Amino acid sequence: MRMSTEELQEARTQLVDTVARFARTEIAPHVTEWDAAGEFPRALYTRAADLGLLGLGYPEALGGTPAPCGLRMPVWRALCRYGASGGVQASLFSHNIALPLIVALGTDALQREVIPPVLAGERIAALAITEPGGGSDVAQLKTTARREGDEYVIDGEKIFITSGMRADWFTLAVRTDVANKGAGGISLIVVPGDSSGLSRTRLDKMGWLSSDTAHLRFDGVRVSARYLLGAEGAGFKAIMGNFNGERLGLAAGAVGFAEACLDEALSWARQRSTFGQPLTQHQVIRHKLVDMRQRICATSAWLDAVAARFDAGDTGADWVAEVCTLKNQATQTMQFCADAGVQILGGMGYMRGTVCERIYREVKVVTIGGGTEEIMKELAARQWGF
């Protein structure tokens, strides 16, 4: 979908305003309560769907609303800034890393079966790739799917699966060619959440407390062969491509969370008085706030540039490297702003219920998820031929 600069800016402004209101009223007031409960109400999916948020960027024929990356990134950033909960965002939008693979590789019938109910907020979709014995080294995954007639029989485990406890659909990475121990033996298959032989165990985490995260076990799970995505052995390349979209979304979210920390720190510094004057009258505090803003502005400009390249069709090796390094830059900006925010809030910054405290705990997962900082650097170096 191509939009003129003026059309994109107008659509951005309208959508960001709508999203900000939704996040402020439907998410932010409840986050502490949802963190304590370890989940948020399933009704939130329906409310987000009613606003068109779940379907943004998906084909209209499947219940979505086509939108360029330059529009989707500001929306995601606003949700994170004003909702200020990585846990809510991660599970509410877990379909954004699960469904693109079905859009790209699934048959028309499979797309119609899975995607519309998810975009309507009636079903939940999750991506299941990481295994207990390996994280970033996807090519070595061990979960198998062997063909028996018109079915695949799946055995293995997945771990750290966002929305894993209540997902209705899993986009699952499996090894269909056990003789091929590398990337060539990997395929993708969609698994219904109510499949016999699928069990789930909840995992407790440092942050993202309102997001359910699960350890999945597949013991002889039988799935119709029509749920295979694309051809056998084509999964690894698709997974790597899917990671680029995930990393770009993580970068946009990190900028939003950094902004949330600055918002709270600045508000606190203006209200809190020490030694007879507001914190903002102390040079050291003003400089911390400036440092936060400086990093946010620089990262935001880079995010917009990378998104614009994607929308222009420039997604080659250099773009992939930029996505990787942008992801590192954005999460480091989030980390810096969370740390500075806690420091400015002082003792209050260490208390549950403040935005900076929550984001301080949540930042490590985004420096790891979607590819660790170390993997991002190595991948960028390879793309640039270093």
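Tutor: Gladly! Keep in mind that this is a predicted model. Let's begin with a residue in a strand: Phe160 has its place in β3, which covers residues 151-162.

Student: Does Phe160 count as buried or exposed?

Tutor: Exposed means over 50% relative accessible area. Phe160 reaches 57% relative accessibility, so Phe160 counts as exposed.

Student: And what is the phi of Phe160?

Tutor: Phe160 is not a glycine, yet its phi is positive. The value for Phe160 is about 60°.

Student: Where is Ser163, and is Ser163 buried or exposed?

Tutor: Ser163 has its place in the loop between β3 and β4 (169-175). Ser163 is not a glycine either, and its phi is positive at about 70°. Buried means under 20% relative accessible area. With 0% relative accessibility, Ser163 therefore counts as buried.

Student: Let's turn to the helices. At what angle do α8 and α11 pack, and how are they oriented to each other?

Tutor: Helix α8 spans residues 235-271 and helix α11 spans residues 355-368; their axes are 10 Å apart and the packing angle is about 160°. Angles over 145 degrees count as roughly antiparallel. That is why α8 and α11 are roughly antiparallel.

Student: What is the handedness of the crossing of α8 and α11?

Tutor: Besides the angle of about 160°, the crossing has a handedness. For α8 and α11, the crossing is left-handed.

Student: Now to a loop: where does Ser210 lie, and which backbone nitrogen lies 3.4 Å from a polar atom of its side chain?

Tutor: Ser210 lies in the loop between β6 (198-202) and β7 (213-224). With a relative accessible area of 1%, Ser210 is buried. Leaving out residues up to four places away in sequence, Ser210 touches Trp34, Asp35, Gly38, Glu39, Phe40, Ser85, Gly87 and Val88. The backbone nitrogen 3.4 Å from a polar atom of the Ser210 side chain belongs to Val88.

Student: Gly207 is in the loop between β6 and β7 as well. Which residues does Gly207 touch, not counting those up to four places away in sequence?

Tutor: Gly207 has 10% relative accessibility, so Gly207 counts as buried. With residues up to four places away in sequence left out, Gly207 touches Arg361 and Glu362.

Student: What is the relative accessible area of Val191?

Tutor: Val191 lies in strand β5, residues 186-192. Apart from neighbours within four places in sequence, Val191 is in contact with Ile154, Asp168, Trp169, Phe170, Leu172, Phe218, Val221 and Val223. Val191 is buried, and its relative accessible area is 0%.

Student: One more! How far apart in space are Ala61 and Pro116, C-alpha to C-alpha?

Tutor: Ala61 lies in the loop between α3 (43-50) and α4 (69-83). At 77% relative accessibility, Ala61 counts as exposed. Ala61 and Pro116 are 55 residues apart in sequence, and their C-alpha to C-alpha separation in space is 8.8 Å.

Notes: Residues are numbered from 1 along each chain as its sequence is written. This is a predicted model: local features need pLDDT of at least 70, side-chain atom pairs count only at pLDDT 80 or more; totals for chains, interfaces and linings use all residues. Side-chain values use heavy atoms; hydrogens and water are left out. Axes are lines fitted to C-alpha atoms, for helices over the stretch in contact, and angles run from 0 to 180 degrees between N-to-C directions. Helices (H or I, at least four residues) and strands (E, at least two) are DSSP runs, numbered from the N terminus. Angles under 35 degrees count as roughly parallel, over 145 as roughly antiparallel, 65 to 115 as roughly perpendicular and the rest as oblique. A crossing is left-handed if the near helix is turned anticlockwise from the far one by less than a right angle, and right-handed if clockwise. Buried means under 20% relative accessible area, exposed over 50%, partly exposed in between (1.4 Å probe, protein chains only). A polar contact is a pair of N or O atoms within 3.5 Å; within protein, one must be able to donate a hydrogen and the other to accept it, and residues adjacent in sequence count only if both atoms are side-chain atoms. Contact means heavy atoms within 4.5 Å.
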